[in-house]
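Have a look at it, and then we can walk through its parts.

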Amino acid sequence: MDTKYLEIIKAPVITEKSGSLGEKNQYVFKVSSKANKIEIKQAIEKIFKVHVKQIRTLNVKPKKRRVGRYTGLTNRYKKAIVTLRDGEQIDLG
């Protein structure tokens, strides 16, 4: 497997909402902020050996956080919602 694909797909997003999307054959991943939909599709198909039907991307803005008297921001990142063809699935467990 090519390492450039592993640089594009950083990590799966495991939340309650992304878990419910699994029923619709959709999965959520953190991706490189410079990657486009074509690169993300190629990376998902090569890494997980599935066929991608649709990809939606969004930029997650940083949120304000506070620890004691110090304030700061969380990191911003790009998120991709990947829809697979019927009958295919990705095992993230």
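F48 counts as partly exposed, at 28% relative accessibility. For these labels, buried means under 20% relative accessible area, exposed means over 50%, and partly exposed is in between (1.4 Å probe, protein chains only). F29, on the other hand, is buried, with a relative accessible area of 1%.

These two rings belong together: F29 and F48 form a tilted aromatic pair, 5.7 Å centre to centre with 35° between the planes. The structure holds one aromatic pair. Rings of Phe, Tyr and Trp (its six-membered ring) pair if their centres lie within 6.5 Å; planes under 30 degrees apart are stacked, over 60 edge-to-face, and the rest tilted. The pair links distant parts of the chain, with F29 in strand β2 and F48 in helix α3, 19 residues apart.

A word on where this comes from: this is a predicted model, in which local features need pLDDT of at least 70 and side-chain atom pairs count only at pLDDT 80 or more, while totals for chains, interfaces and linings use all residues. Residues are numbered from 1 along each chain as its sequence is written, and side-chain values use heavy atoms, with hydrogens and water left out.

Now for the overall layout. The protein has three helices and six strands. From the N terminus on, its elements run α-β-α-β-α-β-β-β-β. Helices (H or I, at least four residues) and strands (E, at least two) are DSSP runs, numbered from the N terminus. The C-alpha atoms fill a box of roughly 50 × 30 × 20 Å, taken along the principal axes. Of the 93 residues, 31% count as buried.

Contact here means heavy atoms within 4.5 Å. Among contacts between residues at least 6 apart in sequence, 59% join residues at least 24 apart.

Next, the sheet. Four strands form an open sheet in the order β1-β2-β6-β3, with antiparallel pairing. Its edge strands are β1 (9-12) and β3, each pairing on one side only. From one strand to the next, the twist averages 30°. Two strands pair if DSSP finds at least two bridges between them.

| Residue | Bridge partner in β6 |
|---|---|
| R56 | I81 |
| T57 | A80 |
| K30 | K79 |

Why is β6 largely enclosed by the rest of the structure? Six of its eight residues are buried, so β6 is largely enclosed.

Helix α3 lies across β1, β2, β3 and β6, running at about 120° to β3. Axes are lines fitted to C-alpha atoms, for helices over the stretch in contact, and angles run from 0 to 180 degrees between N-to-C directions.

What about the nonpolar core? The term means a set of buried Ala, Val, Leu, Ile, Met, Phe, Trp, Tyr and Cys residues joined through side-chain atoms within 4.5 Å. The largest one has 18 residues, and those with the most contacts inside it are I9, F29, I40, I44, V82, L84 and I90. Two or more residues each come from α1 (3-8), β2 (26-31), α3 (37-48), β3 (52-60) and β6 (77-84). The largest share, four residues, comes from α3. Leaving aside neighbours within four places in sequence, I44 is in contact with I9, F29, K49, V50, V52, V82 and I90.

Most residues other than glycine have a negative phi. N25 is not a glycine, yet its phi is positive, at about 65°. N25 sits in the loop between α2 (16-21) and β2, and it is buried, with a relative accessible area of 12%. K49 also has a positive phi, near 55°, in a residue other than glycine. Is K49 buried or exposed? K49 counts as exposed, at 69% relative accessibility, and its place is in the loop between α3 and β3.

One more loop residue is S32, found between β2 and α3. S32 is buried, with a relative accessible area of 17%. Not counting residues up to four places away in sequence, S32 touches E7, I8, K10 and K78.
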